[in-house]
Amino acid sequence: MALLRLPLPRQLRLAAPRSRIAARQTPASSWVCNSCVSSSASSSRIPSVRTFSAFAALQNATSAKIGSVDPSLEPLQRPESFIPRHIGPDVTDAEAMLKALDPPAKSIDEFIAQVVPPDVISERKTFGAWDNEGPLDESKVLARATAWAKANEAAPKPLIGAGYNPSVTPRVIQTNVLESPAWYTSYTPYQPEISQGRLESLLNYQTMVSDLTGLPISNASLLDEGTAAAEAMTLSMNALSSSRAKRPGKTFVVSHLVHPQSISVIQSRAQGFGIKVEVIDVNAADSAEKIKALGQDLVGVMVQYPDTQGKVEDFKGLSELVHEQGALLSAATDLLALTVLTPPGEWGADIAFGSAQRFGVPLGFGGPHAAFFAVKEAHKRRMPGRLVGVSKDRNGNRALRLALQTREQHIRREKATSNVCTAQALLANMAALFAVYHGPEGLKEIASRLVRLARGVQAVAEASGLETEQSGASPDGKVLFDTVVIKASDRSQKILAEAKKAGLGFRDFGNGDIGISVNEHVTEEVFKSIAAVLGSATGTQTAEVASKAYGALTQDITELLPATLRRQSAYLTHPVFNTHRSETEILRYIHYLQSKDLSLVHSMIPLGSCTMKLNGATEMALITLPGFSTIHPHTPASELPGYTALIESLSDQLKGITSMDAVSLQPNSGAQGEFAGLQAIRKHLLSKPGGQKRDICLIPVSAHGTNPASAAMAGMRVVPIKCDQKTGNLDIEDLEAKCKKHAEELGAFMVTYPSTYGVYEPAVKKACELVHNYGGQVYMDGANMNAQIGIASPGEIGADVCHLNLHKTFCIPHGGGGPGVGPICVKEHLAPFLP
């Protein structure tokens, strides 16, 4: 019962529609059930009806009750506001629950006083300046957010690439999946009996990824491509013998043409595992010698295929070299490219990963997007993330469920291969349905058109006297997929300026090179605008070349690709990818799948490991506004006043809620928020004298499995703290003893508040003081932040850093197992170390 409280001035966010209130108060005789009507009127064949004839009396009864309501329940009496329209229990329900407590409570305030320690309760304003404005109704929220989105619409059309490409989301998928509460409100499929539809769709996703990458095992998605890259590195390390994995000089080699954001995540993650990251040109003449020289220190090698400059290389020789040294080769790749290029599994890659964003998922300023991750059979038990498997139910019928869970963090804790405890299920399902809808022929045609468009851009650039980057594996130097890099040198800034005038966004590599990545949205008009920009910047005529190049878009590309890189193998041969071509067929398939699942369109979901809440339709409607959904993450902030205002507004609110001083919205899940927060603590400690030794992280045994897994990833040693088995409370004596024992090594203490038992730890402030007295920092897991808002705050309790799960506390949807957002909030001294 400790979680049944409401934020801000002790006010419940509990209310049902007025028709429900009326129905509960209706006398038994005021309505007749269908079966009764059917039985009594069968001879006259009168249709079954349910009648509500006493509505006026009910309104009077409801009005009479308002005056006697507990003041803390007063918000439930504002029918025009957000609260009563969007929360389940009404005033009657709330009062009944208060009476049912032992001991009973007369009001919400009295109940809060019974369960929340008095020294934790806060009397400050939660939102600061926002409190003066008061809550906005839905129409005003929609108007404000729409204005922010509109302010972004002047941003250039993105042709930047770098792992993010505008994609056409089929309207039937957008309407019936992305915008459907039957898909976005369902919970993680821990209970397979109410999740068979989502599990089937995720199995389609796994099949799609496995087919396209040429590797036999795929997971049900990861958080993003950068995270997947880091997971590939740690899997490579875990595949080594224990003696090699413990070598102080262990090194992971990364191609300098891997997307820069992935390299950045790899470097951050490597620190906690003591892995050195060496970024080299793997195609250089001396690269083989460098890799050989590492000997037993080689953890693995990573390449991008096609790379961040759009080049495609033959890595078969590299894979043989890496395998000779007993290490793994990882390939970051593009699923759409693999419909025309030889899949990584066929040229020796052990791991293939990347983003499935261009399979019908909006850009959304960088996310959320579903990453994919596929491995050889030998590595399936080390693979991070969820895996859907085919099994049988008790009647012997085919049944799907999550498989191989013994490798996950909720079981292995600090010994887990990863701290990832979720997926990007909603986006993965969109990508899977995109493939189901288009089928292998449709996907190949999209990819083929991009190759022809890119070659057209290359022809125009060369006709303008500009040099373009050449792929070593391309016999004629022509582009092999979707990206052209122009070596513009001192003319680069003029080209970029002309592109901006034309409303186009090119990629600036910062060294005189310019990238142009084509996508599904490049029409004839956009193509000719690209040509005009290059012509204007160089003083050449490009119209004729552009017309000729665009006219060749129907050309078969089969013979344009070198035989060594041309895909020969079949893919997506399963009937599901070859059946649902019409909108009617895919619509029926989508509804067939969702009919097997439980979501909030059916009932509440009584699972407590993640706070369940409503995703208001007004809130969800905003994500598909063009000013939000079409923006590339590398678009300069100066072009995005709407996003800037939105981010600043949210950051201010989160600082107010948590009583913290700074916020980072970067982490895209609670687990990644934990890792980022612990990294900030580690960096802070390392900046202090003696901080190198402070690597002990104290964690209660009741903590969620991601806590110890994240601490281990951050390079910390986990020491468990006992809890009372009856109450769930911390054993303060054990905490103090461990603080004393590790006084010179104590780095952090992780605490969930309220605890995973659902209770407010009475000695939480004392615990924070103890840790601070011994030189440690306090990390508060905000998974249960719903139970603090308006009552308490991490910053006032004593936390130095906390993460929030916006998919639990706010309106980010669960989506059947993702997406999620896990921003971190910190005190001033940790602000310099935020990502």
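In which loop is Pro306 found? The points below take up this question together with the cores, helix packing and backbone of the model.

1. Cis bond at Pro306. Pro306 sits in the loop between strand 5 (298–305) and helix 16 (316–324). The structure is a predicted model, and in it the peptide bond from Tyr305 to Pro306 is cis, with omega near -10 degrees.

2. Cis bond at Pro819. A cis peptide bond also runs from Gly818 to Pro819, where omega is near 20 degrees. Pro819 belongs to the loop between helix 31 (806–809) and strand 22 (824–826).

3. Overall composition. The protein chain contains 31 helices and 22 strands. Of its 835 residues, 57% are buried. Among contacts in the chain with a separation of 6 or more, 74% are between residues 24 or more positions apart.

4. Nonpolar cores. The largest nonpolar core comprises 114 residues, and Tyr205, Met208, Leu318, Phe359 and Phe506 have the most contacts inside it. Helix 18 (residues 425–463) gives the most to this core, contributing 22 residues. Apart from this core lies another, of 50 residues, which includes Ile732, Leu770, Ala792 and Leu804. As a general matter, nonpolar side chains in soluble globular proteins tend to be buried together.

5. Surroundings of Tyr205. Which residues does Tyr205 touch, not counting residues up to four places away in sequence? With that exclusion, the residues touched by Tyr205 are Asn219, Ala220, Ser221, Ala356, Ala370, Ala371, Phe372, Ala428, Ala431 and Ala432. Tyr205 is also one of the residues of helix 11 that make the contact with helix 18, and Ala428, Ala431 and Ala432 are among those on the helix 18 side.

6. Helix 11 against helix 18. The axes of helix 11 (residues 196–213) and helix 18 come within 8 Å and cross at roughly 65 degrees. Helix 11 is thus roughly perpendicular to helix 18, and the crossing is left-handed. On the helix 11 side the contact is made by Arg198, Ser201, Leu202, Asn204, Tyr205 and Met208. Helix 18 supplies Ala425, Ala428, Asn429, Ala431, Ala432, Leu433, Ala435 and Val436. By class, the residues of this contact are 10 nonpolar, 3 polar and 1 charged.

7. Helix 18 against helix 20. How are helix 18 and helix 20 (residues 524–538) packed, and at what angle? Their axes lie 10 Å apart, at an angle of about 20 degrees. The two helices are therefore roughly parallel to each other, and their crossing is right-handed. Leu453, Gly456, Val457, Val460 and Ala461 of helix 18 meet Phe527, Ile530, Ala531 and Leu534 of helix 20. The contact of helix 18 with helix 20 has 8 nonpolar residues, 1 polar residue and no charged residues.

8. Helix 9 against helix 22. Helix 9 (residues 171–178) packs with helix 22 (residues 583–594) at an angle of about 15 degrees, the axes being 10 Å apart. Helix 9 and helix 22 are therefore roughly parallel to each other, and helix 9 passes helix 22 in a right-handed crossing. Val172, Asn176 and Val177 of helix 9 make the contact with Glu583, Ile586, Leu587, Ile590, His591 and Gln594 of helix 22. These residues divide into 5 nonpolar, 3 polar and 1 charged.

9. Ser180. The loop between helix 9 and helix 10 (181–184) holds Ser180. Is Ser180 buried or exposed? Ser180 is buried, since its relative accessible area is 10%, below the 20% cut-off. Leaving aside residues up to four places away in sequence, Ser180 touches Thr175 and Gln594; Gln594 is also one of the residues of helix 22 in the contact with helix 9.

10. Positive phi values. Most residues other than glycine have a negative phi. Phe365 has a positive phi, near 60 degrees, and is located in the loop between strand 7 (351–355) and strand 8 (371–375). With a relative accessible area of 26%, Phe365 is partly exposed. Ser659, not a glycine, likewise has a positive phi of about 60 degrees; the residue is found in the loop between helix 25 (641–658) and strand 16 (662–664).

Definitions and conventions
Residues are numbered from 1 along each chain as its sequence is written. This is a predicted model: local features need pLDDT of at least 70, side-chain atom pairs count only at pLDDT 80 or more; totals for chains, interfaces and linings use all residues. Side-chain values use heavy atoms; hydrogens and water are left out. A nonpolar core is a set of buried Ala, Val, Leu, Ile, Met, Phe, Trp, Tyr and Cys residues joined through side-chain atoms within 4.5 Å. Buried means under 20% relative accessible area, exposed over 50%, partly exposed in between (1.4 Å probe, protein chains only). Helices (H or I, at least four residues) and strands (E, at least two) are DSSP runs, numbered from the N terminus. Contact means heavy atoms within 4.5 Å. Axes are lines fitted to C-alpha atoms, for helices over the stretch in contact, and angles run from 0 to 180 degrees between N-to-C directions. Angles under 35 degrees count as roughly parallel, over 145 as roughly antiparallel, 65 to 115 as roughly perpendicular and the rest as oblique. A crossing is left-handed if the near helix is turned anticlockwise from the far one by less than a right angle, and right-handed if clockwise. Ala, Val, Leu, Ile, Met, Phe, Trp, Tyr, Cys and Pro count as nonpolar, Asp, Glu, Lys and Arg as charged, and the others, Gly among them, as polar.
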